[in-house]
Amino acid sequence: MSRAVLSLGSNLGDRAAHLRAAVAGFADVLVAVSPVYETAPWGVTDQPDFLNAVLIVSDEDADEWTWLRRGQALEQAAGRVREQRWGPRTLDVDVVTVDGVRSDHPDLLLPHPGTAERATVLIPWLDVEPDAVVPGRGSARELLALLDTAGVRARPDIDLRKAAG
Ligand SMILES: Nc1ncnc2c1ncn2[C@@H]1O[C@H](COP(=O)(O)OP(=O)(O)OP(=O)(O)O)[C@@H](O)[C@H]1O
Ligand SMILES: Nc1nc2c(c(=O)[nH]1)N=C(CO)CN2
């Protein structure tokens with residue numbers, strides 16, 4: 001049994017459609033779909049705002065690499081071109097955590113290294129898992145309390161659950 005937390009992001013093209021396509025792509029393994037947030041870009045700040053959301057997925061036959069590959073296939077399907085680190089993208093699927101798995105393989109770092117510092121991940125994650133813990137770092141709620149959340153605002157007009165089928 002493998003349960004994972006996935007972060008979705010999009011800031012190019014029809015952002016909501018890209019997130020919906022990702023949700024539809026995980027429809028067979030979905031446990032929870034978070035609300036959507038409009039977020040100011042971090043890292044490279046001279047780029048359009050993102051839409052961000054979090055999914056919880058579970059599959060008894062999956063391992064952590066399954067989640068990475070499935071996410072990358074959906075990024076490809078969204079026409080993602082890998083160019084600039086932290087740059088604009090049609091769809092980003094990050095594997096945030098996989099229950100019970102720590103990894104320092106550069107192709108699959110677990111937990112995802114940015115998690116504890118990213119309100120864009122912690123806020124939607126806490127919506128679907130109020131007791132979330134970032135392995136090795138602690139309570140997601142306590143980590144979030146240390147962060148600036150000014151650039152993160154809810155988009156209740158976009159409901160990804162409808163894409164789950
Ligand atoms: N937990 C993970 N989830 C997704 N990709 C990962 C993870 N750990 C390592 N990677 C690797 O990161 C690379 C993708 O990086 P990407 O271009 O999406 O980075 P980024 O989104 O710009 O930055 P960040 O990873 O800090 O969000 C891929 O080669 C992938 O194998
Ligand atoms: N607000 C926001 N900013 C970002 C994001 C993201 O998902 N949300 N992803 C990035 C590359 O991983 C770079 N910057």
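Predicted model: local features only at pLDDT ≥ 70, side-chain atom pairs only at ≥ 80, totals over all residues.
Local features need pLDDT of at least 70 and side-chain atom pairs count only at pLDDT 80 or more, while totals for chains, interfaces and linings use all residues. Residues are numbered from 1 along each chain as its sequence is written, and chains are lettered from A and ligands numbered from 1 in the order in which they are written.

Helix α2 spans residues 64-77; helices (H or I, at least four residues) and strands (E, at least two) are DSSP runs numbered from the N terminus. Its 14 residues reach 20 Å from first to last C-alpha, close to the 20 Å expected at 1.5 Å a residue, counted over one less than the number of residues. Glu-64, Trp-67, Leu-68, Arg-70, Gly-71 and Leu-74 are the buried residues of α2 (buried: 20 or more other C-beta atoms within 10 Å of the residue's own; exposed: 12 or fewer; C-beta atoms placed from the backbone). They lie on the same side of α2 because they cover an arc of only 165° around the axis, taken from the directions from the helix axis to the C-beta atoms. The face turned away from this buried side carries the exposed residues Arg-69, Ala-73 and Gln-76. After α2 comes Gly-79, with a positive phi near 75°.

Ligand 1 is surrounded by 13 residues, the closest being Asp-94, Val-95, Asp-107, Leu-109 and His-112 (C-beta atom, placed from the backbone, within 6 Å). Strands β5 (92-98) and β7 (108-110) each supply at least two residues of this shell.

The unreviewed UniProt entry annotates residues 85-96 as "domain: 7,8-dihydro-6-hydroxymethylpterin-pyrophosphokinase". This span is 0% helix and 42% strand, with its end C-alpha atoms 18 Å apart.

Notes: UniProt positions renumbered as here; feature names shortened; annotations may be inferred.
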